[in-house]
Amino acid sequence: MRKLLASLAITMGAVGTAHAQTDLQADADAAAGRELAQTCAACHGQQGISAVGTFPNLAGQQMSYLAKQIMDIRDGNRVVPQMAGLVDDYSDQDAWDVAAHFAGQEANLGQTSDEDAELLARGEELYRAGDMSKGIPACSACHTPTGVGIGSAVYPALSGQHAEYTVSTLQDFASGERANSPNNIMGDIASKMSDQDMEAVANYVLGLN
């Protein structure tokens with residue numbers, strides 16, 4: 001009986017948290033988020049499109065994903081040295097407000113070079129079909145064929161993202177340095193990818209739109 005009650009309590013707690021997050025998302029104020037996001041511009045650009053490949057584009061990103069990343073960084077569940085102290089004082093609502101601001105910006109339209117057709121072909125193969133011989137599923141299953149992501153599942157948009165940032169993110173997941181994806185699914189996937197696989201898919205999604 002105690003185990004049953006404990007299980008019910010955990011379930012009810014998860015449901016309560018989900019409802020609370022839904023309320024915060026519904027109340028997200030993009031205008032308030034724009035004010036808070038002024039400090040983000042130095043690295044991520046005024047409109048959420050970074051001029052430097054090591055910093056991710058935030059414009060057009062799924063709101064749920066951005067809010068989660070901000071709160072994970074704040075709570076120490078994701079370590080980003082460049083953001084040390086920047087969101088420590090954020091409330092959950094602040095995170096959702098900033099996420100709403102960037103989600104409402106027009107996403108970056110990236111372009112890839114045709115010089116390395118073989119690399120892009122490998123990237124398209126991985127993105128659309130995966131590689132069953134390595135146990136790598138298709139990226140499109142979670143991130144959609146056009147790379148816009150799935151907000152209800154907290155799967156991020158990848159379209160137009162800097163290739164350099166995507167590669168470093170995959171490397172962090174593969175090494176275990178980052179482990180904040182749902183059920184660490186990205187850690188499992190990235191650990192099966194070679195450096196060339198990472199470079200290929202990163203260059204492919206840059207031009208995906």
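Where is the place of Asn 183? Point 3 below has the reply.

1. A word on the model first. This is a predicted model, in which local features need pLDDT of at least 70, side-chain atom pairs count only at pLDDT 80 or more, and totals for chains, interfaces and linings use all residues. Residues are numbered from 1 along each chain as its sequence is written, and side-chain values use heavy atoms, with hydrogens and water left out.

2. Now the overall picture. The protein chain has 10 helices and zero strands; helices (H or I, at least four residues) and strands (E, at least two) are DSSP runs, numbered from the N terminus. Of its 209 residues, 41% count as buried. Here buried means under 20% relative accessible area, exposed over 50%, and partly exposed in between (1.4 Å probe, protein chains only). Among contacts (heavy atoms within 4.5 Å) with a separation of 6 or more, 66% join residues 24 or more positions apart.

3. Back to the opening question. Asn 183 sits in the loop between helix 8 and helix 9 (185-190). Its phi is near 55 degrees, a positive value in a residue other than glycine. Asn 183 counts as exposed because its relative accessible area is 82%.

4. Thr 144 lies in the loop between helix 7 (140-143) and helix 8 (163-175), and it counts as buried because its relative accessibility is 15%. Most residues other than glycine have a negative phi.

5. Finally, have a look at Glu 118. This residue lies in helix 6 (residues 117-128) and counts as exposed, at 68% relative accessibility.
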